Amino acid sequence: MEDKARLLDTLSGRQKGLLPVVCPGGMMSAVCREVGLKNSDAWPDGHIKPDVMAQVALEIMEATGFENLGVPFCVTVEAEALGAKVDLGDATVEPQIAGYLMNSQRSLPRLDINHIERNGRVPVVLDAISYLKQRHPGVPVIGNLTGPMSLAASLMDPNLLFRYMVKDKPFVRELIACCSETIAAFGEAQAKAGADVVSIGDPTASGEILGPELFEEFELDSLRTVVRRIRRQNAMTIVHICGNVESILRLLPSTEANAFSFDAKTAVRTVREQVGNWVLMGNVSTYLLAWGSASAIANNARRVINEGIDIVSPACGLATGTAAANMRALTDAVRKVRSATEGS
Amino acid sequence: MSDQSVNEEAILKELANSVVSLNEDRAASLSREAVERGVDAYKAISEGLARGMETIGEGYEKGIYYVPDLLVAADAMYAGINVLRPHFDEQRSRDSHAGCGVIGVIEGDTHDIGKNLVMIMLEAAGFRMVDLGRDVPPRRFVEAAAKEGADVICISSLITTAMPTMEDVISALKTEGIREKVKVMVGGACVSPAFAKKIGADAYAHNAAAAVRTARLMLKNA
């Protein structure tokens, strides 16, 4: 079975038990030291040139055995498009936001949302997606978005933002609206450029940080809006939220995403109990992937499969020192389970 | 009970409530009132404002309050403390400290909300805390602990990448010959009890409220 069909049939809910193993990109980038250092001169070109970005995505897939292509390799594109300064890093350091754009309620950014495809590195990501879609039709291309709350917390120090959530709710609503409009436009453009799937990573919106009331008040509608707009462009969606998400599980299915991806902190069983048949993705320990043995990783993969995961993936952002061999240990273990069960 | 002590008890309760109701202005005005009424300033903090913070901490553990509430409650507590601070006996407060802690986010990581919450809760519990901030090299933890005579070093890390560097703090303590003099507590989203044990930390705390219990326990057994 082709990788694309395996992932899309799983995400659409058409079939269970296909067990694709993927690493979406974005906050869950699989650019590891070996892939980065292979062409260390190519950095930061991998973040700013579409052909190099595409090439890196291919190298990652080859080195790790993950069954998808995923771009970009950071969580800074949207913030940069809104005016934030970004330090692009190098072969082993991911791009970082260099300083918060906003330090009070008075500095809401202005963005030409109608032409998102022109801003910052947005065109780079879109071109890389098109390139990969055309050249590799059998492989699913996953585009990535930074979720509304996480984007807001890249523009303004969360130490401030979280206080405004209690003390100046209209401001936070306006900021989140600006963020989700930016993300929705970028997501639509990714789908139009050829992304089969768009994954929205929103670690700041974790249940253990916000709790169900604030999540419902500020985040839920935004996520759903972004998901719907992407769906209208005929791409599928994944929502990823880190940390302990137990307190918000009952709210998450109404985001209408095709799948929910989560951290090792919440057990697959716990999630399954709350969300029923929803397609679940995750949650192999990134600590094991970074420092565990191949057999410990394989055991972890088998365990999450036994617990009922539909799509195997890392639990959260990978450590930059994670060896490609360890990622391969994961993907090989999943394929081994697949051949044992389906004889394919 | 005398009128005086009934009044004092009432003010202490109100101080606690101002924090629980996240009311910065009220915490400050009640603190001024406490001073006027001759309530002991240190008591107004430890049995008033800080009690309120403890209640918030308990609620946080139960899933009633979340991070934004904690931050705003802390603002109320500190608004009151700032009013009261000029009025209390520094020496007495130093003597009454539950302990001294050095706290920071490990090098390679800049996520500091969790660390800020732990610091707030430990200060509310009577610890003198020295905040090293974020992206802190291992040596700085050790130097600060030695300089301040700290009882505990609290190290936070949110991201997997930064975790191994936490172990370097413990190695550096050993190199300096002061490993036995200070307890090490670790925490953060990616950290686990197993990891804490692996690197030779004394304890792991899974949130800010747990950090207070753990710190108290560690120092009791020290």
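Reader: How many aromatic pairs are there over all chains?
Author: The count comes to six aromatic pairs over all chains. The rule pairs rings of Phe, Tyr and Trp (its six-membered ring) if their centres lie within 6.5 Å; planes under 30 degrees apart count as stacked, over 60 as edge-to-face and the rest as tilted. Before we go on, this is a predicted model, in which local features need pLDDT of at least 70 and side-chain atom pairs count only at pLDDT 80 or more, while totals for chains, interfaces and linings use all residues. Residues are numbered from 1 along each chain as its sequence is written, chains are lettered from A and ligands numbered from 1 in the order in which they are written, and side-chain values use heavy atoms, with hydrogens and water left out.

Reader: Why is the pair of A:Tyr287 and A:Trp291 called tilted?
Author: The centres of A:Tyr287 and A:Trp291 are 5.3 Å apart with 55° between the planes.

Reader: What makes the pair of A:Tyr287 and B:Phe195 edge-to-face?
Author: Here the planes make 80° and the centres are 5.5 Å apart. The angle is over 60 degrees, so edge-to-face is the label. This pair crosses between chains, from helix 12 of chain A to helix 9 (residues 193–199) of chain B. Helices here are DSSP runs (H or I, at least four residues), strands are runs of E with at least two, and both are numbered from the N terminus.

Reader: Where do A:Tyr287 and A:Trp291 lie in chain A?
Author: Both are in helix 12 (residues 286–291), four residues apart, about one turn of the helix.

Reader: Why is B:Phe195 called buried, and why is A:Trp291 called partly exposed?
Author: Buried means under 20% relative accessible area, exposed over 50%, and partly exposed in between (1.4 Å probe, protein chains only). B:Phe195 has 3%, so it is buried. A:Trp291 has 39%, which lies in between, so it is partly exposed.

Reader: What makes A:Arg135 a charge over a ring?
Author: The charged end of A:Arg135 sits over the ring of A:Tyr131, 3.9 Å from its centre. The rule asks for NZ of Lys or CZ of Arg within 6 Å of the ring centre and within 35 degrees of the ring normal.

Reader: How many disulfides does the structure hold?
Author: It holds zero disulfides over all chains. A disulfide is a pair of cysteine sulfur atoms within 2.5 Å. The sulfur of A:Cys179 is 5.6 Å from the closest cysteine sulfur, in A:Cys178, so it is too far for a bond. A:Cys179 is buried at 0% relative accessibility, and A:Cys316 is buried too, at 16%.

Reader: How do you know that chain B is as compact as a globular protein of its length?
Author: The radius of gyration is taken over C-alpha atoms, and the globule rule is 2.2 Å times the number of residues to the power 0.38. For 222 residues the rule gives 17 Å and chain B has 18 Å, which is close, so chain B is as compact as a globular protein of that length. Chain B has 10 helices and five strands, and its C-alpha trace spans about 55 × 35 × 25 Å along its principal axes. Of its residues, 53% count as buried.

Reader: What does A:Val56 touch?
Author: Contact means heavy atoms within 4.5 Å. Not counting residues up to four places away in sequence, A:Val56 touches A:Val31, A:Val35, A:Trp43, A:Gly46 and A:Phe73. A:Val56 is found in helix 4 (residues 50–64) of chain A and is buried, at 5% relative accessible area.

Reader: Which residues does the cis peptide bond join?
Author: It joins A:Val71 and A:Pro72, with omega about -5°. A:Pro72 is in the loop between strand 1 (69–71) and helix 5 (77–81) of chain A.
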